[in-house]
Amino acid sequence: MKPAIRALGIATIMIWIILIVFAVTALYSVMKLGIGFGEPQFFPSSRGIVLSLPFSLNNSGYYDISKLNITTSITDSNGTTLSTSDTFVPLVSKGSNVEAAHNITIELSDVMENIGLLFNDSFFMFDTFVSLNFARLVPVQLSMNIPVPWGAPFHNLSVGEIQSNNDSIAVPLSFENHSFFDITGTIELDVYNDVNELIATGETSLATPSQQLYGGQIDMPADVSKLTESGRVHFIFVTPIFAVERWVPYG
Amino acid sequence: MVEKGNKKGLMRRLIPNVLKAALWGTITFLFVYFLPMLLYPMELLPIEYSQFFYVFVGITVFFTVITKLFSGTILEHAFNMTRALVMIIYLIAVFHGGIIRLTMPMEEAPVNLAADLTAILAILTLVNLLGIAKTMFQITEFLAKKTESSQLPEPQ
């Protein structure tokens, strides 16, 4: 009986020692883990914009980190998913440093489907999910939901009081570029009176830097006799990355 | 006269056990409470887990004192077995069946952390099961010794 009791006692002590050593070294390894983030960068792509988040992982602990997977999904304020991006790092060995970038592609066609995003400020939800396997023994998952404000490029688009001469009209136009990018391109506009008759057609160039107010007057030849106190203006904004139309009332 | 002798014998057996229990209780308390407190401040733990820590200290110290107090009796082994069972239940409760979830408040948004510690829980349960097996052998040995001593012929 005694040898069996001794054997069980020794086995118990050994397992406890292994567990305590693992717990202490694992805690130490987690504390020694260096996580760094670089400056986020935006790149234009053929389909839209790429948001690149560079990060580095310096594993100076005692255990490997494997199957590191970062998933980011962007949803608009209505909960519609606009983009899902994945970054997978198969292994961060002990004593190594891994540098990678998590690229989030935002397709402008998706943004265009929700045209309100171009004219009204809103917010996006960045749902980030990180999973990894620590020491090949402990799977760990991290998740966070970060609301990111979205600035509309044509926020508060409005037409002022239309001034008329003998054969031309001047359409005062203003908007605020709240987006993170500069807007360049052209504005095409058609002015209609209150019975939907075309009064004038014009075009002007557009160059509004990010976070700047656009305020301008567009002069164009017109059939002034048809001008009424109220009506509608049909705008077509053409930029290198998108083209969008909008009806704005005047008067 | 006989009763007085019994009392004396009982006291002679009880006093060393009480001293042993007090000493081991103090050592265990220092080891499971003060040492972790020195190494890792409990304020950094979420409230739920700091409460679990105090429960752990309570269980460990209580069973150390009570087993030393009843050392040399069958109750010592009974309490050892109870301790192992209580520890298994306690660990399952603390580890929430193996998955630990924490919410860390950050500046931008709270971060939810989930760690799958099923493997660690399984090893901890195994250690306690080994403890139960060991105690069962000790009980068998204890009873065997007791039977042997009761069957020994009276000295002439």
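**View 1. Helices α2 and α3 of chain B pack at an angle of about 170 degrees, with their axes 9 Å apart.** The model shown here and in the other views is predicted. Helix α2(B) covers residues 47-69, and helix α3(B) covers residues 74-94. Angles over 145 degrees count as roughly antiparallel, and α2(B) and α3(B) are therefore roughly antiparallel to each other. On the α2(B) side, the residues that meet α3(B) are B:Phe52, B:Val55, B:Phe56, B:Ile59, B:Phe63, B:Ile66 and B:Thr67. Facing them in α3(B) are B:Glu76, B:Phe79, B:Asn80, B:Arg83, B:Val86, B:Met87, B:Tyr90 and B:Val94. Sorted by class, this contact of α2(B) with α3(B) has 11 nonpolar, two polar and two charged residues.

**View 2. Domain 1 and domain 2 of chain B have centres separated by 21 Å, taken over C-alpha atoms.** The domain assignment gives residues 1-72 of chain B to domain 1. Domain 2 of chain B is given as two stretches, 80-100 and 109-139. In the contact between them, six residues of domain 1 of chain B meet six residues of domain 2 of chain B. The side of domain 1 of chain B that touches domain 2 of chain B has five nonpolar residues, one polar residue and no charged residues.

**View 3. Strands β1 and β2 of chain B form a hairpin joined through six residues.** The strands β1(B) and β2(B) run antiparallel and are joined by six bridges. Within this pairing, B:Met104 has B:Val111 in β2(B) as its bridge partner. Strand β1(B) spans residues 99-104, and zero of its six residues are buried, so β1(B) lies largely in the open.

**View 4. Strand β2 of chain B also pairs with strand β8 of chain A.** Strand β8 of chain A takes in residues 138-150, and its pairing with β2(B) is antiparallel over five bridges. Here A:Met144 stands opposite B:Val111 in β2(B). B:Val111 is also the bridge partner of B:Met104.

**View 5. The contact between the two chains takes 22 residues from chain B and 20 residues from chain A.** On the side of chain B that touches chain A, the elements that give two or more residues are β2 (111-116) and α4 (118-151) of chain B. The most comes from α4(B), with 12 residues. By class, this side of chain B has 14 nonpolar, four polar and four charged residues.

Definitions and conventions
Residues numbered from 1 in each chain as written. Chains lettered and ligands numbered in written order. Predicted model: local features only at pLDDT ≥ 70, side-chain atom pairs only at ≥ 80, totals over all residues. Contact = placed C-beta atoms within 7 Å. Helix = DSSP H or I, 4+ residues; strand = E, 2+ residues; numbered from the N terminus. Nonpolar A, V, L, I, M, F, W, Y, C, P; charged D, E, K, R; others polar. Pairing = 2+ DSSP bridges. Buried ≥ 20, exposed ≤ 12 C-beta atoms within 10 Å, placed from the backbone. Domains from an automatic or database assignment. Axes fitted to C-alpha atoms, helices over the stretch in contact; angles between N-to-C directions. Parallel < 35°, antiparallel > 145°, perpendicular 65-115°, else oblique.
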